[in-house]
Amino acid sequence: MTTTRKHTALPKARTLIEALPWLTRHHGKTVVIKFGGNAMVDEELKRAFAQDVVFLRHAGLRPVVVHGGGPQISAHLDLLGLSSEFKGGLRVTTPEAMNVVRMVLAGQVQRELVGLLNEHGPLAVGMTGEDAHLMTATKHYADIDGERVDIGRVGEITDIDPGAVQALLDDGRIPVISSIARSNDEEDVQPGASGASGASGVFNVNADTAAAALAAALGAETLMVLTDVEGLYEDWPNSDEVISRLTAGELEKLLPDLASGMVPKMQGCLYAVRNGVRTARVIDGRVQHSILLEIFTDEGIGTMVVPDAETEGES
């Protein structure tokens, strides 16, 4: 009589089986992921992020990546001797700075991420919000103590045309999108418009806001926002307990008291779930493979926002 061998790989099989309900639930669904924070500057985290996104694609999901590049932009501005000034939590973007923003986002951050994804096959395609009129914006003014302040080439999204992204998804590709938008002002894009060459006609837009607007336009199943914290804290700084799930209405009540850095992320989550996205999640990008942990495990991590009508939690 032979004895059953002890298979050391059994825990791996159990992990795969645990993912089965979530694989079934999310198969064929679009997931928009905002890439930022430490995950954007740490080499190991960048590589793990790319692996996660490719895994989603091969698991039957349709991932879309939207990114900014604050640290890289600041570093390049410093290199060129251009000042980095912030007003109302937003970067003051002069025409000269806008040229740097465009170059860094589309020519550096996006290229690197596309390269990491394409190590696994011909999957990723880079584009900016300018391409195919994907994102259109109008000039955004900061509100500082009730005063309207001009902060330069910073835009507020007014329209999304997701046709090019849909076409890439239908072709099995992974769109990687830089958060730059075309201007909706015809005078702004005319030859000879004021500002440094190339800067007129485009705006720097907040990547959290851009990801949320695109998720809604695509009818995405999920918006995922990578951050440098564990999620939304219940009573920061008095407690580090993370709220695992809340409704849009509950989030709206919390917004006025949130730390400034979390406001655009949570506003984006709120906009997404109130415009057709089934769930929005803020997850800790400092944790390797946090995306897979959030989507494919029973526990999940981070904070999930659901529409007000939702009554049951769902990972």
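Student: Which residues make the nonpolar surface patch of about 300 Å²?
Tutor: In this predicted model, that patch is made by Leu 79, Leu 80 and Leu 82.

Student: Where is Leu 80 placed?
Tutor: Leu 80 is in the loop between α3 (70-79) and β3 (86-87).

Student: Turning to the inside, which residues touch the most other members of the largest nonpolar core?
Tutor: Val 32, Ile 177, Leu 223 and Met 266 do, in a core of 43 residues. Helix α6 (residues 207-218) gives the largest share of this core, with seven residues. In soluble globular proteins, nonpolar side chains tend to be buried together.

Student: What does Val 32 touch, leaving aside residues up to four places away in sequence?
Tutor: Its contacts include Val 64 and Val 66, as well as Ala 211, Ala 215, Leu 218 and Leu 223.

Student: And which residues belong to the other core, apart from that one?
Tutor: That core has 42 residues, among them Ala 19, Ile 73, Leu 113 and Met 224.

Student: What is the mean pLDDT of the protein?
Tutor: The mean is 87, and 89% of the residues reach 70 or more. Over residues 190-197, however, the pLDDT is below 50, and this stretch has nine contacts in the model beyond near neighbours in sequence.

Student: How many contacts beyond four places in sequence does the model have for residues 311-315?
Tutor: The model has 15 for them, and their pLDDT also stays under 50. Where pLDDT is low, the predicted coordinates should not be read in detail.

Terms used. Residues numbered from 1 in each chain as written. Predicted model: local features only at pLDDT ≥ 70, side-chain atom pairs only at ≥ 80, totals over all residues. Heavy atoms only, no water. pLDDT = per-residue confidence, 0-100. Contact = heavy atoms within 4.5 Å. Core = buried A, V, L, I, M, F, W, Y, C linked by side-chain atoms within 4.5 Å. Buried < 20%, exposed > 50% of the residue type's maximum accessible area, 1.4 Å probe, protein only. Helix = DSSP H or I, 4+ residues; strand = E, 2+ residues; numbered from the N terminus. Patch = residues over 30% accessible without salt bridge, like charges linked within 9 Å, V, L, I, M, F, W, Y side chains within 5 Å. Areas by Shrake-Rupley, 256 points an atom, 1.4 Å probe, with all protein chains shown as cover. Salt bridge = Lys/Arg side-chain N within 4 Å of Asp/Glu carboxyl O.
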